[in-house]
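Please examine the sequence and the three-dimensional structure shown below.

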Amino acid sequence: MHALLYKDFRVMWKQMKAFLLLIAIFCLIPNQALNLSAFFVVYAGLMLPMSLMSYDERAKWDTFAAMLPYASREIVLSRYLGSWLCMALAGVLYAIGGALAAGQPFPPAERLVSLGWLFALTLAAQAILFPYLFRHGVEKARLYMMIFFVVLLALVAALAGLAGAALPQGSILFLLGAPAALVLALLLCLASVPLSVRQYVKRLG
């Protein structure tokens, strides 16, 4: 499976250098209008794997992959793992940005709690979105993707506003809810993997 991840990394680096730089810059800079740093953490975990799916579709990668010694489960799982790595990298940059803004070696607690909610939101979105994409493909779902990301941006902005309002008051629900939401979203995302595998097999049909 590491070969599949390496292939995705090579494609990403060759085709999306400017895109990766844009994500890195926005994740590092905190407190922008609309909290774009928070949005780009979610964006990295969704848009990068979707872009890779789109490149694969255009290159007829699925046809070529059928001749390689990889099971459908490995191909699907490599896409999930790649998306988690992208999300984790964006999360690290997001945390570093918080530490730089605070002028301290570690990010403030508010930043880390918000990051936990962002990871939970991204994993939940992957669990909903990936089975659909593996069934129908990215190229056929572009309009739905535009609507999805508009809604996602609104959710991230609302989440950021909630963090700013709740944390100064010491909200236990918000502080303790982040790890619980993260675990629940991760379980939901893992449960979607076999569904994505079935949908991918149906598409190859």
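Met 53, Asp 56, Glu 57, Trp 61, Asp 62, Ile 75, Arg 79, Leu 133, Phe 134, Tyr 200 and Arg 203 line the largest cavity. Two or more of these residues come from each of α3 (36–58), α4 (61–65), α5, α6 (109–136) and α8 (172–204); the helices are DSSP runs (H or I, at least four residues) numbered from the N terminus. The model is predicted: local features need pLDDT of at least 70, side-chain atom pairs count only at pLDDT 80 or more, and totals for chains, interfaces and linings use all residues. Residues are numbered from 1 along each chain as its sequence is written, and side-chain values use heavy atoms, with hydrogens and water left out.

A cavity is a set of points, on a 1 Å grid over the protein atoms alone, where a 1.4 Å probe fits but cannot get out, and its lining residues have an atom within 4 Å of a point. The structure holds 2 cavities of 30 Å³ or more. α3 gives the most to its lining, with 3 residues. By class, this lining comprises 6 nonpolar, no polar and 5 charged residues; Ala, Val, Leu, Ile, Met, Phe, Trp, Tyr, Cys and Pro count as nonpolar, Asp, Glu, Lys and Arg as charged, and the others, Gly among them, as polar.

The second largest cavity has a volume of about 40 Å³. Its lining consists of Leu 4, Lys 7, Asp 8, Asp 56, Trp 61, Ile 75, Ser 78 and Arg 79, and the elements giving two or more residues are α1 (2–15) and α5. Here 3 residues are nonpolar, 1 is polar and 4 are charged.

The largest pocket contains about 360 Å³ of space; a pocket is an open set of points with protein on both sides within 12 Å along at least five of seven lines. Among its 21 lining residues, Met 12, Leu 20, Leu 48, Cys 86 and Leu 89 are the closest to the centre. α1, α2, α3 and α5 each give two or more residues to this lining, and α5 gives the most, with 9. The lining divides into 16 nonpolar, 3 polar and 2 charged residues.

What is the place of Ile 96? Ile 96 lies in helix α5 and is partly exposed, with a relative accessible area of 38%; partly exposed lies between buried (under 20%) and exposed (over 50%), for a 1.4 Å probe and protein chains only.

How values were computed:
Points joined across faces, edges and corners; volume = space filled by probe spheres on them.
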